[in-house]
Amino acid sequence: MSKPPRLTLPSAARAYRLSTDRGPFAVHEAGEPVRGTALLVPGFTGSKEDFIGLLEPLAAAGYRVVAVDGRGQYETPGPREESAYGLEELAGDVFAQVRALDVDRVHLVGHSLGGLISRAAVLRDPSPFASLTLLSSGPAAIAEEQQARTKLLVAALEAMGDDMPGIWAAMRAHDPQDAAQDSPELTHFLRARWLATVPEQLVVTGRALICEPDRVDELSRVALPKLVLSGAVDYAWPVPLMDAMAERLGARRVVVPGTEHSPNAEDPATTAAALASFWDSATGM
């Protein structure tokens with residue numbers, strides 16, 4: 001899971017609920033649209049906080065940046081019905097968010113699962129988007145080892161979805177013994193985020209991570225500037241797989257040294273610089 005580098009919003013940012021024609025979404029926003037607007041879509045078990053380190057540098061680069069909790073994710077409400085959380089439904093929410101931002105086009109960034117959601121949106125209709133960034137997100141289903149772990153989690157959620165504290169405790173019990181200790185503040189946040197996320201959202205999106213087909217050839221035919229950005233190591237989609245995907249897409253490729261699945265949280269300064277450079281080039285600035 002992504003772990004935000006900090007939990008306090010920078011002074012230039014604000015938290016609020018974005019009202020859309022598909023309901024309210026909890027967001028963090030920073031900056032003015034001097035050079036454009038960007039919408040940041042988080043991954044599986046994630047939230048808008050995963051992008052908190054990007055807000056200040058991207059705002060300073062002249063961009064209005066909006067990070068969102070998806071439907072049923074942390075501080076955005078969602079129904080206890082699996083039908084609400086298919087990728088096409090969540091892609092529909094992306095269009096609603098763009099409409100609510102009231103801009104011509106946005107730079108769309110999807111992290112991990114958010115990349116699959118963003119891809120589904122772009123394949124449906126690319127016209128609201130100025131560019132697409134797939135951030136630590138691959139061409140199809142996650143790696144086999146991660147599929148096995150996700151299947152176990154989905155099975156636990158299907159059987160015990162009303163006992164989210166129990167599932168959380170079981171998950172943390174399997175953390176590596178040599179893993180770095182989280183601060184008490186971060187530990188509290190990660191647990192609170194998990195408990196607030198709708199179980200059915202996790203079940204359906206977990207299945208998507210296990211079963212998503214390769215849609216790269218279809219995406220390559222969409223005339224939109226594309227960036228594939230990742231860490232130097234990735235357990236969900238191996239880096240060579242993302243290298244090959246970028247080549248198939250004709251996309252710009254950036255690897256953030258010293259980071260893994262969440263360069264947005266692990267090295268936000270370098271990640272923000274790569275995003276701003278790409279967005280500038282995508283719009284001819």
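Author: A cavity is a set of points where a 1.4 Å probe fits but cannot get out. A pocket, in contrast, is an open set. The model discussed here is a predicted one.

Reader: How many cavities of 30 Å³ or more does a search of the whole structure find?

Author: Rolling a probe the size of a water molecule over the atoms shows where empty space is left. In this structure, the search returns two cavities of 30 Å³ or more. The largest cavity has a volume of about 110 Å³. Its lining is made up of 13 residues, and Val41, Gly70, Arg71, Leu90 and Ile117 are the closest to its centre. Two elements, helix H2 (87-101) and helix H3 (113-124), each give two or more residues to this lining. H2 has the largest share, with four residues. Sorted by class, the lining of the largest cavity holds seven nonpolar, four polar and two charged residues.

Reader: Which residues line the second largest cavity?

Author: The second largest cavity holds about 40 Å³ of space. Its lining consists of Met1, Thr45, Trp168, Leu190, Arg193 and Trp194. Helix H6 supplies three of these residues, the largest share. Four residues of this lining are nonpolar, one is polar and one is charged.

Reader: What is the volume of the largest pocket?

Author: The volume of the largest pocket is about 1,600 Å³. There are 42 residues in its lining, and the closest to the pocket centre are Met1, Arg149, Met171, Asp175 and Tyr235. Met1 also belongs to the lining of the second largest cavity.

Reader: Do S1 and S2 pair in the parallel or the antiparallel sense?

Author: S1 and strand S2 (residues 23-30) pair in the antiparallel sense, over eight bridges. Ala13, for instance, has Ala30 in S2 as its bridge partner. The two strands form a hairpin, with two residues between S1 and S2.

Reader: What about S3: how many of its residues are buried?

Author: A residue counts as buried when its relative accessible area is under 20%. In strand S3 (residues 36-41), six of six residues are buried, and the strand is mostly covered. Gly36, Ala38 and Leu40 point one way from S3, while Thr37, Leu39 and Val41 point the other way. Val41 is also among the residues closest to the centre of the largest cavity.

Reader: Over how many bridges do S3 and S4 pair?

Author: S3 and strand S4 (residues 63-68) pair over five bridges, in the parallel sense. Opposite Gly36 stands Tyr63 in S4. From S3 the chain passes through helix H1 (residues 52-60) to S4, a β-α-β crossover that is right-handed.

Reader: In which sense do S3 and S5 pair?

Author: The pairing of S3 with strand S5 (residues 106-111) is parallel and covers four bridges. Ala38 has His107 of S5 as its bridge partner. His107 also stands opposite Ser131 in S6. S5 and strand S6 (residues 129-135) run parallel and are joined by six bridges.

How values were computed:
Residues numbered from 1 in each chain as written. Predicted model: local features only at pLDDT ≥ 70, side-chain atom pairs only at ≥ 80, totals over all residues. Heavy atoms only, no water. 1 Å grid on protein atoms, 1.4 Å probe; cavity = no way out; pocket = protein on both sides within 12 Å on 5 of 7 lines; lining within 4 Å. Points joined across faces, edges and corners; volume = space filled by probe spheres on them. Buried < 20%, exposed > 50% of the residue type's maximum accessible area, 1.4 Å probe, protein only. Pairing = 2+ DSSP bridges. Right-handed = clockwise from strand over helix to strand, strands pointing away. Nonpolar A, V, L, I, M, F, W, Y, C, P; charged D, E, K, R; others polar.
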